[in-house]
Amino acid sequence: MNPWLQAILYVVAAPVVGGLLAGWDRRVSARMQSRRGPPILQPFYDVLKLWQKQNLAVCFSQNYYVLLFLLLVIFTGALFFAGADLLLVIFALTTASIFFVLGAYKASSPYSFIGAERELIQIMAYEPMVLLTAIGMYITTKTFYVHGIASHHGLLVLALPGVFLGFVFALEIKFRKSPFDLSCSHHAHQELVRGITTEFSGRTLAMIEVAHWYESVFLLGWVYLFFASSPVLGVVMALVVYAFVVLVDNVFARLKWQAALGSAWAVTAVLGFGNIMVLSLLR
Amino acid sequence: MYGPKQSPWILHYDASSCNGCDIETLACLTPIFDVERIGVLNTGNPKHADIFLVTGAVNEQSKGVILNLYRQLPDPKVVVAVGACAASGGIFRDCYNISGGVDSIVPVDVYVPGCAARPEAIIDGVVKALAVMEEKYKQMQLQKEPA
Amino acid sequence: MTLVLALVLVPLLAGLVLLCLRAELPRRITVVTVTAAVCAGSIALACQPAPMVLGELPVSRHGIHLGMMAAEALMGLYILWVGARARQYLIVALMLAQAAVMGWFACLPGAEAAAGQALFVDKFSMIMALINGIVGGGICLYALGYMREYHTEAHRDIPDRRPFFFAVMFIFVGTMFGLVFADDLTWLFFFWEITTLCSFLLIGYTQTGEARKNALRALVMNLAGGLTFALAIVWFYRDAHSLSLQTLIHSGRAVALLPAALLCFAGITKAAQCPFSSWLLGAMVAPTPVSALLHSSTMVKAGVYLILRLAPVITGTTVGLMVALVGGVTFLLGSLAAITTPEAKRVLAYSTVANLGLVVLCGGIGTYEAVWAGVLLIIFHAVAKCLLFLCVGVVEHKLHSRNIEDMSGLILYMPRVAVMMLIGMAGMSLAPFGMLISKWAALRAVVDAYPMLSFFIVFGSSATLFFWVKWMGKLVEVVQPQRRVVKEISLDESVALYVLSLATFLACLLFPLLSKRFIEPYVAGVYGQSGFLGHGNTIIMVIMMVLVMLFPLSFLSRGRGVTLADPYLGGANIQGSPRFTGSGGTIETMTMHNYYMGGVLNEVWLSRVAVAGGAVMLALMLIFATL
């Protein structure tokens, strides 16, 4: 398929898919807690409501950072689904995350400040693993380009089991789920109130929500890449991984940032680099 | 119009309540009543909230706090006074430290009676608040039009 | 040839002239004219075809050789005196050893005749010359305003030795030109040693006890590098009867490996890699222009310049691997250490050491991709880091503090400087700016050659993100919205800062042009092929740049549709201020303090690991070079 078409399809369809995933997440979590839970379309109602609310802010420029965050996340996903260089995709996502963090710093409030610091720690925690996943895919498929990786014969996960497990660990952090929901949490307010999203309201908060949807679809697309040679299996595994992430979210309590950072780096070093080392030796 | 009625986010504040009404409010989130079915989320952050749910009567300490929180709620907002104390001061009405119910500080839209108010009544109150909120939305849209 | 010689000699002569000028106005005129001339000259040089065909030297080789020997002897005697007076016998020993080696060399028959062309200017030299000219010139201009304020306001207790200061700065600039143009190893060594001396003199400028101590430490470590440099010259001459760097690069492994290893050792000391990083960190006591010129943008670049030049020799060998490991360890540990300190110049110093480590990593790997990445890194780091140092210098004078925590709200108090700092930091850490492209290139080069080495880049680059963004956050956060009136910065400083911000911005914007005109021809000339960004990727970078430009444009809407409210402080706000009611009715002010990860990362422990690791790696490198 034409890369431009794929990118446009992503830009248009990802919020729908992402919103449904978020709704499904809330419903499944509720069922795990013996509740009924909201309708699947609830996230869309939330975003629509937020869009119509007054935009309160501590500092008006804080919203511009979030706008850039949203635009760059969409750009990242579009790049990914158009088949571009995976490293550039990662760096684009990093830039997007930095804008989000800077917006929270700009809001100049203690809770958003803590959320921002912790979000930075989270980025520091998952970035090595994410880069390593790209490196692992390069070593196996000889290309950094997503379209090249996607058309590789053979399941990547068979050559990269350690990297895959490490990537799922990193996903838990990237999806901002327990035990790594250090910077903000969709659950009831906890010790950091709303963390990094505390001082955003109205349209800006809606944009953050939508950006998270775009990000979810992009990340699940990356999970798909591990199984790309068998498309049906890929989609199924993406959903299975997401379900697993939701399960872990409901089972664990939040870790302290030291434990989050330490465990993430340990997993990267052992599972990720172990895998790479084995691959290098086998060459 | 989808949106406001389907996604009411609540800021729950205890002014000087004995916590009876608070426990009943939190019980609404439990599996038996599960108020998330109608999209209610208990956010602790005024900037994210639509409905300001206040329990307990107003004393000196809570005056400033209620005003601050009320100002930090984005429009359109609805105030729900839960329990007898929030409505009028309840049995503590004549105490030296109580200035009255919540309506002595901010305009209240829905009163939920009871001591302690029952979860069913609280949910009823929230649903009534949604209707009030819809009215306020319509007014907000009308105000925006000529601009 | 005249242009090349002019670039070397004009700053040297200007330095001598400045030594005699006591008054401010003649000094200003001299500095401004020479800076402009040097900038123009280096740009003119860059427009020449390369490698340049240089004519004959106007003076006889023999005469220059004698002059250099005399100057070296004088320098040696001075250093011996310094070492003896300070009772630093290691300095004395190293200097004597160096003198012995060079003395023995000078007595070898045919030493002079073996010298080929003395100067060699190719695209890489032109890039280094551009950096030296524009960045170095900008710093000297900045120093006019900075040093005036330094002596009249900030540090009245320090004796005013500005003629000496500017003299040494300009002598240094001229020396750097000589260094990057030199092909004769003895000439390179001569200029190398002068930079060591300049660094020693400038670090010790304030003449306080701390400054003297750090200056001596820098001297010791750089002398160690000088000694290995001298040994490299002797060894290479012994085996190949040549003194040409280009010959060294193109000789076979058997002949060139040990001299190359020794030269890499020298480069590692000059670039303050592990285990020699402490001299650079200590050098931060010097005034900011010194830190910017010598210890981030130019002198330390000489070290990595040499290593990158030698990359074709060491690529694929164990020596190269050891060099790469030294670079990798420095990158990782330097980045982690930068998180732990709130002192701005120290953060910049650690970041410098770390980025140089990345370049050394590229040099050690030595493939065409790696060298391309390395040169890109040099360019972007020189410009962005210089900008940051200069901004920090200005901020230090106005706020009387080097602590990052005191820079809260700088975007409101000193908006232009804050924006320039943000540009510099974005240039260091954000895509689509230059450093990110360089990291992308470095990562690809590493993965193609030694995948396991990506360990260092992957963890190190996450760490760099953390300390840059938390500093950026500190600059933009506004806790006290009332505007404080801060004095304006001087014209010299402003001009230098604006020029450098523009340079950072242009370097990022035009780097495909830079790559095509300079870097790719150089790398292709050495290896037969070169790394490159690629058409598609360039377009992606451009689109990203456009998106990021939307950010400043969005400010045009002036906050329409947004209502201002207080931050959430549990409802205890005192409206419209950063204060809130505490328990018992007290009034507190909110403060926000960055994480420095004190419980997890320990600066002392990290430096111990770095020194140990670096020492082991270097020892292995030298052992493998002799095998």
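Helices (H or I, at least four residues) and strands (E, at least two) are DSSP runs, numbered from the N terminus. The structure is a predicted model, in which local features need pLDDT of at least 70 and side-chain atom pairs count only at pLDDT 80 or more, while totals for chains, interfaces and linings use all residues. Residues are numbered from 1 along each chain as its sequence is written, chains are lettered from A and ligands numbered from 1 in the order in which they are written, and side-chain values use heavy atoms, with hydrogens and water left out.

Two cis peptide bonds are described here. In chain B, the bond from Cys115(B) to Ala116(B) is cis, with omega near 0 degrees; Ala116(B) belongs to the loop between β7 (110-112) and α4 (119-144) of chain B. In chain A, Ser178(A) and Pro179(A) are joined by a cis peptide bond with omega of about 0 degrees, and Pro179(A) is placed in the loop between α8 and α9 of chain A.

Positive phi values occur in chains B and C. Asn19(B), in the loop between β1 (9-14) and α1 (20-27) of chain B, has phi near 80 degrees and is not a glycine. Asn19(B) has a relative accessible area of 37% and is therefore partly exposed (buried means under 20% relative accessible area, exposed over 50%, partly exposed in between, with a 1.4 Å probe and protein chains only). Asp34(B), also not a glycine, has a positive phi of about 40 degrees. Asp34(B) is located in the loop between α1 and β2 of chain B and, with a relative accessible area of 2%, is buried. In chain C, His241(C) follows α8(C) and has a positive phi near 50 degrees. Helix α8 (residues 209-240) of chain C has 32 residues and should span 46 Å at 1.5 Å a residue, which agrees with the 46 Å between its end C-alpha atoms; the expected span is 1.5 Å times one less than the number of residues.

Over all chains, 30 salt bridges are counted, a salt bridge being a side-chain nitrogen of Lys or Arg within 4 Å of a carboxyl oxygen of Asp or Glu. The side chains of Lys53(A) and Asp50(B) form one of them, at 2.6 Å from N to O. This pair crosses between chains, from the loop between α2 and β1 (55-57) of chain A, which holds Lys53(A), to the loop between β2 (41-42) and β3 (51-55) of chain B, which holds Asp50(B). Both Lys53(A) and Asp50(B) are buried.

Within chain A, Glu215(A) and Arg176(A) meet in a salt bridge at 3.7 Å, N to O. Glu215(A) lies in helix α9 (residues 202-226) and Arg176(A) in the loop between α8 (161-174) and α9, so the pair ties together parts that are 39 residues apart in sequence. Glu215(A) is buried at 4% relative accessibility, and Arg176(A) is buried at 12%. Asp249(A) and Lys177(A) form a salt bridge at 4.0 Å, N to O. This pair links distant parts of the chain, with Asp249(A) in helix α10 (residues 231-251) and Lys177(A) in the loop between α8 and α9, 72 residues apart. Asp249(A) and Lys177(A) are both buried. In chain C, a network of salt bridges links Glu24(C), Arg27(C), Arg28(C), Arg148(C), Asp160(C), Arg162(C) and Asp492(C).

Asn573(C), in the loop between β1 (562-564) and β2 (579-581), is buried, with a relative accessible area of 5%. The side chain of Asn573(C) makes a polar contact of 3.2 Å with the side chain of Gln72(B) (a pair of N or O atoms within 3.5 Å; within protein, one must be able to donate a hydrogen and the other to accept it, and residues adjacent in sequence count only if both atoms are side-chain atoms). Leaving out residues up to four places away in sequence, Asn573(C) is in contact (heavy atoms within 4.5 Å) with residues including Asn68(B), Asp566(C) and Phe580(C).

Thr298(C) sits in the loop between α12 (288-297) and α13 (299-309) of chain C and is buried at 2% relative accessibility. The side chain of Thr298(C) reaches the backbone oxygen of Leu293(C) at 2.4 Å. Met435(C), in helix α20 (residues 434-449) of chain C, is buried, with a relative accessible area of 0%. The C-alpha atoms of Met435(C) and Ala384(C) are separated by 9.0 Å, although the two residues are 51 residues apart along the chain.
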